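Trainee: Could we go through how the helices and the sheet pack in this one? I'd like to start with a pair of helices.

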Amino acid sequence: MQSPGDITILDCLRKADGLTIAQLEEIVGVTATAVRQRLTRLMAEGLVDRVRVSQGRGRPSHRYELTERGRQETGRNFADLAMALWAEVRTIEDPEVRRGLLQRLSSRMAALYASAVEGSDLETRMRAVASLWTSQQIPFEVRVENELPVLTALGCPYTELAEKDRSICAMEKMLFTELIGEKLTLSSCRLDGTHCCTFEVAGPRPTGTADPGDNAGNDTGNTES
């Protein structure tokens, strides 16, 4: 498994189709030495190539590009594929059928991540989920309120999808519920103008309030023009 630093380098190269050490140093915010060490490791794994760039009479420089294997492993088309697949999910008109599909998708994802989420108590499992998502460049944190842990997403793993259809919020709540083993509620959502999404242990809600994710599986999305 790639380290978070290596993943950042690979993602930068995927987006730019080639960068110099100086450019990577500025983008990533680490020293040139750290960039070189990561590039050396990624080249040894066959994920990155060093390409000589001629600059007239001056000393030639090098830029770094993803190899074909590197492009495959960083998933150049994953975002487009996800958008296309989600568009098909949105064509399902029956809300119960759609919700059932979301539940199956969340269960399948939970099975992939289950081995990384362990712990005998709720807070430990919640912190394991936060650590897992943070390792994938999606910052999460856990804080304790009223003696219960609260899982907070400081970034959205599905920004483009969520902006078009908040059904993804319902699936994410289902996923965390399965991983943590405790029914969660989406108490606040970035789509409603808050700074982050917050997942709390489900319990009685004050009269007149609703979980932002309760009807997400029934949304068809109305933000597209």
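Trainee: How do H6 and H9 cross, and within what distance do their axes come?

Mentor: The axes of helix H6 (residues 95–113) and helix H9 (residues 167–180) come within 8 Å and cross at roughly 45 degrees, where axes are lines fitted to C-alpha atoms, for helices over the stretch in contact, and angles run from 0 to 180 degrees between N-to-C directions. That angle makes H6 oblique to H9, given that angles under 35 degrees count as roughly parallel, over 145 as roughly antiparallel, 65 to 115 as roughly perpendicular and the rest as oblique. This is a predicted model, in which local features need pLDDT of at least 70 and side-chain atom pairs count only at pLDDT 80 or more, while totals for chains, interfaces and linings use all residues. Residues are numbered from 1 along each chain as its sequence is written, and side-chain values use heavy atoms, with hydrogens and water left out.

Trainee: Which residues of H6 and H9 make the contact?

Mentor: Among them are Leu102, Leu105, Met109 and Tyr113 of H6, together with Met171, Met174 and Leu175 of H9, contact meaning heavy atoms within 4.5 Å. The residues of this contact divide into 10 nonpolar, 4 polar and 3 charged.

Trainee: Changing topic, what is the strand order in the sheet?

Mentor: The open sheet of 4 strands has the order S3-S4-S6-S5, with antiparallel pairing; helices (H or I, at least four residues) and strands (E, at least two) are DSSP runs, numbered from the N terminus, and two strands pair if DSSP finds at least two bridges between them. Strand S3 (140–145) and strand S5 (184–188) are the edge strands, each pairing on one side only, and the twist averages 30 degrees from one strand to the next.

Trainee: And how many bridges join S5 to S6?

Mentor: There are 4 bridges between S5 and strand S6 (residues 197–201), which run antiparallel, and Leu186 stands opposite Phe199 in S6.

Trainee: Which strands does H7 touch?

Mentor: Helix H7 (residues 122–135) packs on the sheet and touches S3, strand S4 (148–153), S5 and S6, its direction making about 155 degrees with that of S3. H9 also packs on the sheet, touching S3, S4, S5 and S6.

Trainee: At what angle do H7 and H9 cross, then?

Mentor: Their axes cross at roughly 130 degrees and come within 9 Å, which makes H7 oblique to H9. Leu122, Arg125, Met126, Val129 and Trp133 in H7 meet Leu175, Phe176, Leu179 and Ile180 in H9, a contact with 8 nonpolar, no polar and 1 charged residues.

Key
Ala, Val, Leu, Ile, Met, Phe, Trp, Tyr, Cys and Pro count as nonpolar, Asp, Glu, Lys and Arg as charged, and the others, Gly among them, as polar.
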